Amino acid sequence: MDTTSQATVGVQLIEAGQRVTVRVPATTANLGPGYDSLGLALALYDTLTVESLESAELLFDLTGEGAETLPRDASHLVIRAMEAAFERLGFRHGGLKVTAENVVPHGRGLGSSASAVVAAISAANALVPEASRRGKDWILQLTSELEGHPDNVAPAIFGGLALSWQDSDQYSSTSATVSGTVVPVVAVPDFELSTETARALLPASVGHHAAAMNAGRAALLIHALTTKPEFLLAGTEDYLHQSYRAEAMRPSAALIAALRAAGHAAVVSGAGPTVLVLADGEAEAAAVVAFIEEFAAANTPDARWRVLKLAVDVEGAKVELHRR
């Protein structure tokens, strides 16, 4: 028996002629003090469609964000994540036709890699026979393993405000309902910052006082997001990571400082460099948009910003399976 045959013994082939579409929201993580634990789903969506083919070929069509730079072969994150899911489920695929419509900006702290991984694993899970499919908690576990932390993948899967934690190698998450008055506004700059670069700037440890202060603000933030939005400014104060990362995104840091001085709950979105503001109501959201545009024009001439007033996504990843 050759190596290929040995590798596929006991592994089932997924049925050809299926098509699955997955729509996954963008996410913003940390939200200030909730480092690696809090995440929020945003109403900005990537769409992934996967068809299982009779032939063994891989067809990859990619449009939107990253279309000029991302690979269209088995090295793409979507394919690698699907392969991991199929292997974990005990299946393999023949040929695939993959269509990715990317809207979430890449390298900006809005969870683009988490969206890709959640979409890919959700699609793979839908393509296996119904008796072999797993639930969203299984998807959370595998996506968190691939991403290294659950703060982006959890809201992408479940929607809303996700509170996530880790016990040894087990990831868990629960969702909370965000107050209807909270309006997320994001200012997306024209420069990127990788998560790896941002993480490398963090110290190995912080003092007990800073940790205690941060814990208090994180608790207050959850109360502010769900019940008392008037505490959003105080609740988004961070003592763990943003100050250390500021040197890698000076225009973002300057904008955040100005927004907070004006009374708006501004933070780094994820690892940055996007700026997130959690506004209390449409009037404040409109004021934030105007403030960002005016401040950026006068103070950050080397950076261009795309300002988006969004909503909180409450559904998370949506999967639709079709059969021929």
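Where in the chain does proline 273 lie? Proline 273 sits in the loop between strand 10 (266-268) and strand 11 (275-280). Keep in mind as you look around that this is a predicted model. Here is a short tour, from the overall layout down to single residues.

**Overall layout**
- The chain is divided into domain 1 (15-175 + 313-322) and domain 2 (182-309).
- Between the C-alpha centres of domain 1 and domain 2 there are 26 Å, and the contact draws on 22 residues from domain 1 and 37 residues from domain 2.

**What the UniProt record lists**
- In an unreviewed entry, UniProt places "domain: GHMP kinase N-terminal" at residues 77-160.
- Across residues 77-160 the chain is 56% helix and 12% strand, with the end C-alpha atoms 25 Å apart.
- The unreviewed entry in UniProt also gives "domain: GHMP kinase C-terminal" for residues 236-295.
- Residues 236-295 are 50% helix and 15% strand, and their end C-alpha atoms are 21 Å apart.

**A helix pair to find on screen**
- Two packed helices are described by the angle between their axes and the distance between the axes.
- For helix 3 (residues 112-127) and helix 4 (residues 136-147), the angle is about 135° and the axes are 10 Å apart, which means helix 3 is oblique to helix 4.
- The crossing of helix 3 and helix 4 is right-handed.
- On the helix 3 side, the contact is made by Ser113, Ala114, Val117, Val118, Ile121, Ser122 and Asn125; helix 4 contributes Trp138, Ile139, Leu142, Thr143, Leu146 and Glu147.
- Sorted by class, the contact of helix 3 with helix 4 has eight nonpolar, four polar and one charged residues.

**Backbone details**
- Most residues other than glycine have a negative phi, and most peptide bonds are trans.
- Glycine 272 and proline 273 are joined by a cis peptide bond, with omega at about 5°.
- Aspartate 36 is not a glycine, although its phi is positive at about 60°; you will find aspartate 36 in strand 3 (residues 34-53).

**Leucine 308 and its contacts**
- Leucine 308 belongs to strand 12 (residues 305-309).
- Leaving aside residues up to four places away in sequence, leucine 308 touches Leu44, Pro184, Val185 and Val186.
- Leucine 44 is 264 residues from leucine 308 along the chain, and the C-alpha atoms of the two are separated by 9.7 Å.

Technical notes
Residues are numbered from 1 along each chain as its sequence is written. This is a predicted model: local features need pLDDT of at least 70, side-chain atom pairs count only at pLDDT 80 or more; totals for chains, interfaces and linings use all residues. Side-chain values use heavy atoms; hydrogens and water are left out. UniProt positions are given in the numbering used here, feature names are shortened, and annotations may be inferred rather than shown by experiment. Helices (H or I, at least four residues) and strands (E, at least two) are DSSP runs, numbered from the N terminus. Axes are lines fitted to C-alpha atoms, for helices over the stretch in contact, and angles run from 0 to 180 degrees between N-to-C directions. Angles under 35 degrees count as roughly parallel, over 145 as roughly antiparallel, 65 to 115 as roughly perpendicular and the rest as oblique. A crossing is left-handed if the near helix is turned anticlockwise from the far one by less than a right angle, and right-handed if clockwise. Contact means heavy atoms within 4.5 Å. Ala, Val, Leu, Ile, Met, Phe, Trp, Tyr, Cys and Pro count as nonpolar, Asp, Glu, Lys and Arg as charged, and the others, Gly among them, as polar. Domain bounds come from an automatic or database domain assignment.
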